[in-house]
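Subject: Handing over the structure

Hi,

Here is the structure I promised to pass on.

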Amino acid sequence: MLRARTLGASLLVLVVSALAALVPAVAIGAEARTVTFGLIGTWTGPTSDAGRHYADGALHYFRWLQDEQKGTVETQKLGPVRVELVWSDDQYNPQQTLSALRQFASQNRIAGAITWGTGANLAIKEEVNRAHIPTLSASFHAGLLDAPGAYNFFLSMTYDDHMKVLVDYVKSLHKGASTPKVGFNVHPSPYGRSPLAAGRAYLQELGMKAVASQELAADVLDATSQVLELRRAGAEYVLFQNVASPLSVFLRDARRNGLRATFLGIHYAGGEELLHLAGANADGFITTSAARTWYEEIPGNRTVHQLNARYSPDEKARPPHYAQGVATAMLLVEGLRRAPTLDGAGIKAGLETLRNFDTGGLVLPVTFTPDRHAGADAVLLYRLNARTKRLDYIGEFAPRGKAAGAAQGR
Amino acid sequence: MRFHVCGTYRTRYEDDLRVFATDLGPLCMAAVVAGLALLPLALGDYLVYLASLVGIFVIGTLGLNLLTGSTGQISLGHGAFMGVGAYATGILAGAGLPFWLALPLAGLATAAVGVVFGIPSLRVKGLYLALATLAAQVLLEFAFNLYDSSGGGTSYLRVPRPSLPGLPLASDRALYYLVLASAVLFVWASVNLLRSRFGRAFVAIRDNDRAAAAMGVPVFGYKLLAFSLSAFCVGVAGGLWAYLTGVVSAERFTLMLSVEYLAMIIVGGMGSVVGSVLGAALMTLLPEGLRVAADALSQMMPQVSSVLIGLRYAVFGLVVVGFLVFEPEGLADRWRVVKSYVNLWPFRY
Amino acid sequence: MDFLLQLVVNGLVVGAVYALAALGFVLIYKASRVINFAQGDFLALGSFVALAFSESLGLPFGAAVAVTVVGFFLLGLLVERLALRPLIGKEIIAVIMVTIGLSSVLKGVMYVVWGAGYFAFPTFLPDTPIEVGGVFLSPLHLAALGASALVLVGFGLFFRRSTLGVAMRAVADDQQAALSLGVSVRRIFGLAWAIALVTAVAAGLVVGSITSLSTEGLSAIGILVFPAAIVGGLDSVAGAVVGGLLIGLLENLAAGYLSPIVGVGIHEVVPFIVLVLILMVKPYGLFGTVEIERV
């Protein structure tokens with residue numbers, strides 16, 4: 001019984017100490033010229049294979065700011081301001097994202113946040129606006145921007161517009177007089193389904209035909225049935241809004257079953273992870289990307305390589321999500337530099353003055369205005385090359401059709 | 001007024017059914033409720049939010065404990081049932097219903113869903129039933145993901161803040177009182193339900209449903225009743241959660257949540273109201289405490305932050321395993337020991 | 001017709017993999033009436049460890065697998081001794097909770113050691129498809145099918161022919177009677193865990209080769225194969241095989257014929273609907289032992 005009692009006691013101590021940890025010093029705001037930002041990343045849990053690079057990128061930029069500039073940013077209107085960062089891993093659990101945000105808002109009085117997934121951002125959406133915390137998300141879900149003037153931002157176009165770029169590209173790829181036959185394959189979640197309606201509508205507008213609309217979950221062992229359906233429907237192009245692991249399964253089964261179509265995906269669908277997983281099967285896969293890849297000669301990549309070498313020397317190369325994280329942190333700091341007041345509303349106002357802001361080429365130039373919180377009008381296209389194990393740059397694309405203009409207004 | 005009992009003086013059945021053995025009990029209970037009511041005066045916003053979260057999970061855990069702890073039907077679907085309540089509340093509140101109508105109606109809707117998924121309990125038992133309720137979880141989760149409020153498969157739903165005429169409930173603190181009042185109501189209802197003929201029938205079914213049937217308990221009806229009451233509780237909890245977060249989205253109501261619910265009743269104590277309360281509090285605060293602790297540590301030592309972040313899972317698991325290995329009867333048992341120790345102090349026996 | 005044939009063949013191949021993964025549940029349930037919610041995490045850990053042995057230590061892949069199998073056998077004994085044995089005789093739901101806790105511990109270990117990311121086994125089979133009567137099969141799938149069949153038949157024989165297997169069945173049948181006949185129930189429980197973990201390694205290797213290695217992806221397989229384990233009956237090896245094949249088949253047919261009509265991925269939930277329907281008719285699965293209740 002003694003054993004049990006000591007264990008009970010130690011459990012109690014653990015709980016009490018955990019509770020004590022919940023009550024840290026609230027006295028951070030004592031020094032007038034300090035601002036705190038929050039980073040709620042997904043280092044572990046579902047989607048963390050990409051999420052950890054993004055979160056690392058943002059974190060490393062702030063660590064660099066701390067080490068190199070003593071954490072101080074020279075602002076335009078408020079003089080030097082010290083930047084502090086608090087961060088948390090939400091394990092891709094929206095409840096934890098919300099708790100972390102509430103904690104940071106109440107205890108650290110954060111004036112800006114950087115976040116990851118679609119589910120998490122939908123869960124904190126109301127809270128972000130209630131607490132006036134401008135939030136830069138890695139999810140480009142159109143639903144995040146459906147209330148104009150809210151506090152949600154992201155640095156690319158919406159997934160809807162990504163999808164439209166792919167549809168445009170299919171049209172330009174297609175040879176001959178026939179109508180291109182297009183299939184959709186998405187992840188069964190808000191993330192996956194979000195660009196489906198826009199994609200279908202746009203396809204119809206351009207006079208193309210959707211021959212299939214499928215869903216492929218993240219943990220599948222086999223995608224043969226989907227592949228067979230596409231083959232039977234005679235799909236020539238398949239558009240994906242999915243993640244790397246099920247895609248690699250799909251591509252292998254597609255090759256095995258002789259589905260000869262062109263595969264195209266959105267941002268998180270496939271980059272280096274897909275090449276790594278699917279190897280030769282991923283060759284020729286076309287993907288949109290908001291950020292540049294590791295190997296390109298752009299000024300921003302020098303910073304990115306330095307940050308990675310300094311703070312995570314074990315990682316040899318990083319996928320574009322890392323650059324995306326760095327760029328997101330740069331944007332938030334730039335918002336601070338232009339802020340009229342040192343609070344969330346001020347930083348939101350600062351962000352909304354960004355006009356073609358250049359992050360050293362890491363992402364396309366970013367423009368935010370009071371009623372436009374999706375930072376870019378265009379997106380980068382890459383083709384996966386299995387021989388060099390790199391992504392070949394195709395170009396910069398904006399949605400062309402009639403519907404495109406309306407979407408960019410958001 | 002009796003403040004201390006030195007033996008068993010029960011001579012009537014009514015004595016056995018008393019909630020409080022001494023007059024000290026109601027006093028203590030009043031003090032606890034008063035303390036909880038004063039809590040927001042002493043705490044910051046975040047801690048008030050956490051306290052609300054605990055209250056919500058207390059209500060849900062009472063529900064699951066009624067079904068699993070008292071009636072013996074294991075459910076792996078309560079996470080999804082909570083989602084049904086949350087979506088129903090969101091839809092009803094969006095249609096302009098006040099919270100005092102939306103919440104009970106959401107509870108009833110969830111109860112109806114609970115009954116439907118409780119039908120397999122007619123024939124299926126034990127672990128097989130647990131996995132049949134897993135099917136409920138999977139099916140409902142699938143349905144949530146399809147829910148579409150604004151087109152495009154967004155599957156999320158915005159929930160307006162509750163209000164009373166002339167009394168806005170917009171702040172987190174006001175919501176805390178709503179949660180606290182509901183939680184007190186549900187605790188009171190649970191305690192009284194368990195000492196009624198319904199409660200005794202539930203326990204009889206748990207112990208042996210054939211014996212219960214032989215004694216004249218309509219087993220299937222009572223099982224469905226347990227399913228519906230239990231779903232009602234988590235439904236209301238889901239509704240409160242929807243009000244607290246302002247948004248309902250499918251990704252919260254996963255199998256993980258159902259498992260968390262089970263963890264709460266097991267760690268707390270099966271079939272015990274006190275256990276439900278303690279278990280919900282511990283299992284809500286422990287992951288949150290671990291998160292805050294890991295974050296604080298990794299901010300002190302950014303070099304090893306990835307290790308600390310991974311350790312959160314391991315520590316959580318170790319606490320759960322350690323707890324069950326050393327304290328398999330749950331916190332309720334520990335509570336009983338502490339209480340009798342205090343009662344008998346300074347004597348050991 | 002070609003379409004149907006291909007779906008059926010494919011469903012059976014995937015079903016065999018499900019059966020292999022479901023076997024781990026069955027072994028533990030058979031001996032100790034516990035559902036091991038950590039089976040998926042053991043599966044993931046097994047494939048990670050095998051990969052680590054072959055890549056970091058430079059062992060040939062076969063040797064790495066052998067070392068992993070031995071390691072997991074011992075790990076199974078250890079886990080049973082430390083986490084499960086103290087709970088013998090306690091409520092079944094508490095024991096289930098322990099396995100859920102274990103699952104969290106294993107996840108933590110994998111995140112600390114390997115981090116979040118995808119890994120792939122070295123390719124040891126050519127990836128050119130083989131065409132048999134209009135149906136395409138890959139060597140990888142055939143290997144998976146072969147491995148699953150081998151393990152399943154092996155266990156079938158083990159339970160029928162070997163003394164140990166018979167002892168395990170005796171314990172599953174009636175612990176008291178087995179004890180009185182001199183079977184050490186403790187040893188059998190330990191062995192059941194050890195063997196279940198070995199099957200987890202086997203399943204991890206097969207699944208890992210087919211898809212990729214990631215903590216979350218492989219852990220989720222544990223839930224994915226629940227319907228397979230239940231439909232067949234939790235304590236029947238033959239049931240795991242039939243359940244696995246049935247679920248694989250259903251999933252493929254639903255994905256081929258039903259999902260295109262509905263427009264959403266209904267095939268993901270079809271196995272669960274079938275699971276409930278089957279349980280309504282046969283409450284202990286197709287081949288599960290019917291528990292006789294006495295008042």
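This is a predicted model: local features need pLDDT of at least 70, side-chain atom pairs count only at pLDDT 80 or more; totals for chains, interfaces and linings use all residues.

For chain A the average pLDDT is 86, and 90% of the residues score at least 70. Two stretches of chain A need some caution. Over residues 19-31 of chain A the pLDDT stays under 50, and the model gives that stretch 17 contacts beyond four places in sequence. Residues 402-410 of chain A also have a pLDDT below 50, with 16 contacts in the model beyond near neighbours in sequence.

Now for chain A as a whole. You'll find 14 helices and 13 strands in chain A. Of its 410 residues, 60% count as buried. If you take the contacts in chain A between residues at least 6 apart in sequence, 68% of them join residues at least 24 apart.

Seven strands of chain A make an open sheet with mixed pairing, in the order 8-7-9-10-11-12-13. At the edges sit strand 8 (209-215) and strand 13 (390-397) of chain A, each of which pairs on one side only. On average, neighbouring strands of this sheet are turned by 25° against each other, direction ignored.

Which way do strand 7 and strand 9 of chain A run relative to each other, parallel or antiparallel? Strand 7 (residues 181-186) and strand 9 (residues 237-241) of chain A run parallel and are joined by five bridges.

Helix 7 (residues 196-205) of chain A lies across strand 7, strand 8 and strand 9 of chain A, and runs at about 175° to strand 7 of chain A. A201(A) is a residue of this helix 7 of chain A. Is A201(A) buried, exposed or partly exposed? A201(A) has 16 other C-beta atoms within 10 Å, so A201(A) is partly exposed; a buried residue would need 20 or more, and an exposed one 12 or fewer. A201(A) and L101(A) are 100 residues apart in sequence, and their C-alpha atoms are 36 Å apart in space.

Further along the sheet, take a look at strand 12 (residues 379-385) of chain A, which is mostly covered, with five of its seven residues buried. Strand 11 (residues 286-289) of chain A runs antiparallel to strand 12 of chain A, and four bridges join the two. S289(A) has L380(A) in strand 12 of chain A as its bridge partner. L380(A) also stands opposite E396(A) in strand 13 of chain A. Strand 12 and strand 13 of chain A pair over seven bridges, in the antiparallel sense. These two, strand 12 and strand 13 of chain A, form a hairpin with four residues between them, and K389(A) in the turn has a positive phi of about 60°.

Next, where chain C meets chain A. The contact involves 33 residues of chain C and 33 residues of chain A. On the chain C side, helix 1 (2-32), helix 8 (185-210), helix 9 (215-224) and helix 11 (237-262) each supply at least two residues. The largest share, six residues, comes from helix 1 of chain C. By class, the side of chain C that touches chain A has 18 nonpolar, 13 polar and two charged residues.

Helix 8 of chain C also packs against helix 6 (residues 163-173) of chain C, at an angle of about 105° and with the axes 10 Å apart. Helix 6 and helix 8 of chain C are therefore roughly perpendicular to each other. In this contact L164(C), A167(C), M168(C) and V171(C) of helix 6 meet V185(C), I188(C), L191(C) and A192(C) of helix 8. The contact residues are eight nonpolar, no polar and no charged.

Last, chain B. Helix 4 (residues 78-94) and helix 11 (residues 255-268) of chain B pack at an angle of about 110°, with their axes 6 Å apart. That makes helix 4 of chain B roughly perpendicular to helix 11 of chain B. H78(B), G79(B), A80(B) and M82(B) in helix 4 meet L255(B), L257(B), S258(B) and Y261(B) in helix 11. The residues of this contact divide into five nonpolar, three polar and no charged.

Cheers

Notes: Residues are numbered from 1 along each chain as its sequence is written. Chains are lettered from A and ligands numbered from 1 in the order in which they are written. pLDDT is the predictor's confidence in each residue, from 0 to 100. Two residues are in contact if their C-beta atoms, placed from the backbone, lie within 7 Å. Axes are lines fitted to C-alpha atoms, for helices over the stretch in contact, and angles run from 0 to 180 degrees between N-to-C directions. Angles under 35 degrees count as roughly parallel, over 145 as roughly antiparallel, 65 to 115 as roughly perpendicular and the rest as oblique. Ala, Val, Leu, Ile, Met, Phe, Trp, Tyr, Cys and Pro count as nonpolar, Asp, Glu, Lys and Arg as charged, and the others, Gly among them, as polar. Two strands pair if DSSP finds at least two bridges between them.
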